[in-house]
Amino acid sequence: MTVTTSQIISGGGRMAAAPEWSHQEAGSNAPGSSSPEAAANSGIHVGLELFAAGYCRHPEFLTLDGGTIRPVSFPAGFALITHPERGYILFDTGYSARFFQETSKLPALLYRWITPVIFKEEDSALDQLKRLGIEAEEIRYIILSHFHGDHIAGLRDFPAAAILYKGEAYNAVKGLGAFAAVKAAYLPGLLPGDFAERSLLMEDAAHLTLNREFPFEHGYDLFGDGSLIAVDVPGHAAGQIGLFLTTDAGTHFLCADAVWSSRAYRERRSPHAAARLIMSSPAQYEDSFQRLCSLHEQYPHIEIVPSHCAEALSRGKRGNGL
């Protein structure tokens, strides 16, 4: 069955008042309100381009059960979303040179040793967008899937952007000590000094009840117009989210690190048991993984994009029709 982002919404209605930044008024017929059926007619399409800002290398078997012991590259993907009213939006940021600054001394240096990173300055989200004629100040929002260093390292490069994330995700890491933060792949120095002032919590967005046959029961209508619907995919990191959106080419699901490769959900191949050591919750990871596999099987037309899958990211590069 073909489904668009707006048609994912069911008649369950709003479960939380829309925040000021969603531009949605109480009692309206906007998506996420008391009459979310209106979302099926909203037809809001966005632009989507996929990039990678550096990459790391790990043995394949760690991320794919039965994989080889040879090291493979895992790009640090990020997405540029162009909204017809909201302008430019980033989904994560990939690596930046700041990652190396923040991991230059122990104990954070352990992060770099465990995760060998290959990065050049021209690979940064900032530089890649500039080459497209997009200045840093034009990025109006950054949506964070979770707070691992390879997803937040470029935050300081975009000083005008509001930052959307789940409060649960930040609360899980903000009070960690130095060694615990390294284990959680979190580098607090990557956050901008005005992080709190620029923060927008997804929990404050309109909560949606999704179609009952859909693998995900609830979502967050980030802008109150049905264009960007976030859903929970925790386990790899606490509070991790994925993002549904529709372009002229079809519906896409940016699933963050719910899997590390497209082969994983296509073949139902979980990561190696050793990968559990870096998970916030192996049980939640398995639940998110099974939901993602079900999404692929029930809605094969939806393009699933894992943040570290070179195959998926290559399909979304500029000029590939997304």
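Reader: What separates R291 and D287 by about one helical turn?

Author: They sit four residues apart in helix α10 (residues 282-298), so about one helical turn lies between them. Bear in mind that this is a predicted model.

Reader: Why is the contact between R291 and D287 called a salt bridge?

Author: The N to O distance is 2.8 Å, and the cut-off is within 4 Å, so the pair qualifies. By this rule the count comes to 13 salt bridges.

Reader: What makes R291 count as partly exposed?

Author: Its relative accessibility is 22%. Buried would need under 20% and exposed over 50%, so R291 falls in between. D287, with 39%, is partly exposed too.

Reader: Is E60 buried or exposed, and how do you know?

Author: Buried: its relative accessible area is 13%, and the limit is under 20%.

Reader: How do you know that R98 and D157 form a salt bridge?

Author: Their closest N and O atoms are 3.6 Å apart, so they pass the 4 Å cut-off. R98 lies in helix α2 and D157 in the loop between α5 (149-152) and β6 (162-165), so parts 59 residues apart in sequence are tied together.

Reader: And why does L106 count as exposed?

Author: Because its relative accessibility is 57%, and exposed means over 50%.

Key
Residues numbered from 1 in each chain as written. Predicted model: local features only at pLDDT ≥ 70, side-chain atom pairs only at ≥ 80, totals over all residues. Heavy atoms only, no water. Buried < 20%, exposed > 50% of the residue type's maximum accessible area, 1.4 Å probe, protein only. Salt bridge = Lys/Arg side-chain N within 4 Å of Asp/Glu carboxyl O. Helix = DSSP H or I, 4+ residues; strand = E, 2+ residues; numbered from the N terminus.
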